[in-house]
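Please look over the sequence and the model shown here.

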Amino acid sequence: MSDRSPRNRGAQRGPDRVRKVAYQVIRQVTAEGGYANLALNKALREARLGGRDAAFCTELVHGTLRWQGTYDVFLARSVSRRLEDLDPELLDLLRLGGHQLLNMRVDSYAAVSEMVTLTRSELGQKRTGLVNAVLRKISQRSLDQWIAAAAPSVEEDLIGHLAVADAHPRWVIEAFDRALGDGADGLEDLLAADNEPPRVTLVARPGLSDVDELVRAGAAPARWSPYGAVLEGGGDPGRIEAVATGRAGVQDEGSQLVALALASARLEGDDADWLDLCAGPGGKSALLAALVEQRGVGRGGAPAAGAGRLTAVEPLKHRAELVRANLRAIPGDHKVLVGDGTKPTWPAGSFDRVLADVPCSGLGALRRRPEARWRRTPDDVRELRPLQENLLDSAITSVRPGGVVAYVTCSPHPDETRAVVDAVLARRSDAQLEDARDLFPGVPDLGAGPDVQLWPHLHGTDAMYLALIRRT
Ligand SMILES: C[S@@+](CC[C@H](N)C(=O)[O-])C[C@H]1O[C@@H](n2cnc3c(N)ncnc32)[C@H](O)[C@@H]1O
C-alpha cells in the first residue's frame with residue numbers, strides 16, 4: 001500500500017485524495033441510503049483510482065461501514081456529547097478515523113493528522129479540534145483493549161459482548177443463534193466469517209462452458225458445485241472471456257448449490273417446464289435455464305433433449321432486464337415475464353419444478369454488503385413475511401402434482417425460513433416437506449434436516465436456506 005502519510009506527502013496541503021473519496025462514498029451510504037458497492041465502484045471509476053489506491057479506498061469504505069456499530073460504542077465513551085447529537089458528517093469522519101486506528105495498519109500519527117486535514121477541507125477549521133481530540137483518545141487503546149473496556153463481559157452478556165466484539169446488531173446475533181440451534185456452536189465463527197469479504201465465485205453455465213475452461217483462466221475448482229470455480233486472487237471476473245460472453249457468470253457457490261438441488265430432486269414423468277418465481281437479477285435463472293435446456297423430458301415423459309424451458313418472473317422492470325441479460329447466452333425458448341408472482345397468469349399446475357427464491361432480509365449475505373447489517377431492522381423481517389408466504393403458496397399452486405418446489409432465502413433468520421414453510425404447509429393438504437440433504441452430495445454439516453441451511457463459516461457460502469416441498 002502506498003505511504004500517503006502527511007510526512008511523506010511533503011508540502012501538499014489538501015486532504016489525501018483516497019480518504020476523501022472514501023469519506024464521500026460513506027456519506028452517500030449513511031446519508032442518502034446508497035449501496036456501498038455501487039457507490040464505491042462509481043467513485044473509484046470517476047476518481048480513476050486503481051491498484052493499491054483502489055484497494056485502500058475499498059478497505060476504508062467497507063471496513064468503516066461494517067464496523068460502524070462497534071466504533072460508535074467506543075466513540076460514545078470518547079465524546080462528551082451524546083453521539084445522536086453529533087452532526088452525522090462528523091460522526092462518519094470519526095468512524096473513518098477509528099477504522100484506520102483500530103483495524104488497519106495505519107500509523108496513528110498519520111491517521112489522526114489525515115483525518116484532521118480531511119475535516120478541515122470538508123467541514124471547516126472549527127471542527128478539527130474535536131476530531132483531533134477524539135481520535136487521539138481512540139488511538140490510546142488497541143481494538144482488543146477497547147472491547148475489554150467497553151463491551152459487556154462474556155459471562156455477563158454473551159450476545160452483548162459479541163455485538164461489540166464482532167460488529168453485529170444484537171437482534172441479528174439472536175436470530176443467528178436461533179438458526180444455529182442447540183448450543184449455538186459456531187456463533188463466533190459465523191460472525192467472524194461475516195466480517196471477511198467473500199471470494200469471487202464463478203459458475204460455468206452447463207453446455208456453454210465448464211470448470212476446466214475457468215481453471216485455464218486462473219480459477220480453482222469450487223468445493224462442491226460441479227459448475228463452480230473460485231478466483232482465489234480476486235481480480236475482475238469480466239476479464240475472463242467466458243464471463244464476458246455470458247457462458248459463465250459470477251455466482252456464490254451456495255446459490256449454485258440450491259439451484260442444483262432443485263434441478264436434481266427426484267421427479268417422475270414430465271420434466272420440461274421450470275418456473276423461477278422471483279427471478280431478478282437472474283443468477284439462478286441462468287443456471288436453471290442452461291440445465292432445463294439440456295434436460296428436456298417432454299410432455300408424457302418422452303425424452304426430448306433441447307425441449308426444456310424456463311419461465312422467469314420478476315415484478316421490477318429493471319431487474320427483469322437483468323434476468324434477460326443473464327439468459328441471453330443460454331440457448332432455448334425461455335421466457336421472462338414482468339409480473340407479480342403472487343398473481344399467476346398461468347394455469348395452476350403448469351410447471352414441473354418451481355424455484356421460490358423469495359425477497360428476504362438478506363442477512364445471509366452480510367459478507368458482501370457491508371452496510372446491510374446496520375440498515376436492516378426486525379420490522380423488515382416482519383413486513384416481508386406475508387409476501388414470502390404468498391409466494392410460497394403461489395409456487396405450490398403453480399407446480400403439478402408430483403412436482404417439486406424449492407423455497408429459498410439468502411437469510412438464515414428462522415422467521416423467514418422454517419416459520420414461513422411451516423405456516424404455508426399447515427394451510428395446505430396438497431404439499432409435503434421432503435428431506436433435501438441428499439441433494440447436496442458431499443456437502444458436510446447440513447444439520448438435522450429435512451431442510452438445509454448453508455453457512456459462511458462452515459461452507460464458505462452465503463447463508464442460503466432451502467426447503468424442498470413436493471406437491472401431492
Ligand atoms: C432474492 S431475490 C431473487 C434472486 C434471484 N433468484 C437470483 O438468483 O438472481 C428476490 C427477487 O424477488 C423479486 N420480487 C419481489 N416481489 C415479488 C413478487 N411479488 N413476485 C415475484 N418476485 C418478486 C425482487 O424484486 C427480487 O428481484
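Leaving aside residues up to four places away in sequence, C410 touches C360, G362, G364, A365, D462 and M464. These contacts belong to a predicted model. C410 is placed in the loop between β9 and α19. UniProt, in an unreviewed entry, lists C410 under "active site". Is C410 buried or exposed? C410 counts as buried because 26 C-beta neighbours fall inside 10 Å, and the cut-off for this class is 20 or more.

Buried residues of α18 pack against β5 (273-276), β8 (351-357), β9 (399-409), α19 (418-427), β10 (431-434) and β12 (465-471). The buried positions in this helix are V381, L384, Q388, L391, L392, S394, A395, I396 and S398. An α-helix has 3.6 residues a turn, so residues three or four places apart point the same way.

Helix α18 is also bent: the angle is about 35 degrees at R385. A proline, P386, follows within four residues of that point. The end-to-end distance can be checked against the number of residues. At 1.5 Å a residue, the 21 residues of α18 should span 30 Å, and the C-alpha atoms at its ends are 30 Å apart, so the two values agree.

| Helix | Residues | Number of residues | Expected span | Span in the model |
|---|---|---|---|---|
| α14 | 253-264 | 12 residues | 16 Å | 16 Å |

How many of the 12 residues of α14 are buried? The count is 11, so α14 is largely enclosed by the rest of the structure. The buried residues of α14 are E253, G254, S255, Q256, L257, V258, A259, L260, A261, L262 and A263.

The loop between α14 and β5 holds A272. A272 is buried, because 21 other C-beta atoms lie within 10 Å. Between the C-alpha atoms of A272 and P456 the distance is 33 Å, and these residues are 184 residues apart along the chain.

The last topic is the ligand. Which residues come nearest to the ligand? Of the 21 residues around it, these are C278, G280, K284, G341 and D357. By class, the shell has 10 nonpolar, 6 polar and 5 charged residues. Helix α15 (283-295) and strand β6 (309-314) each supply at least two residues of this shell.

Key: Residues are numbered from 1 along each chain as its sequence is written. This is a predicted model: local features need pLDDT of at least 70, side-chain atom pairs count only at pLDDT 80 or more; totals for chains, interfaces and linings use all residues. A residue is near a molecule or strand if its C-beta atom, placed from the backbone, lies within 6 Å of it. Ala, Val, Leu, Ile, Met, Phe, Trp, Tyr, Cys and Pro count as nonpolar, Asp, Glu, Lys and Arg as charged, and the others, Gly among them, as polar. The expected span of a helix is 1.5 Å times one less than its number of residues. The bend at a residue is the angle between axes fitted to the seven residues ending there and the seven starting there. Two residues are in contact if their C-beta atoms, placed from the backbone, lie within 7 Å. UniProt positions are given in the numbering used here, feature names are shortened, and annotations may be inferred rather than shown by experiment.
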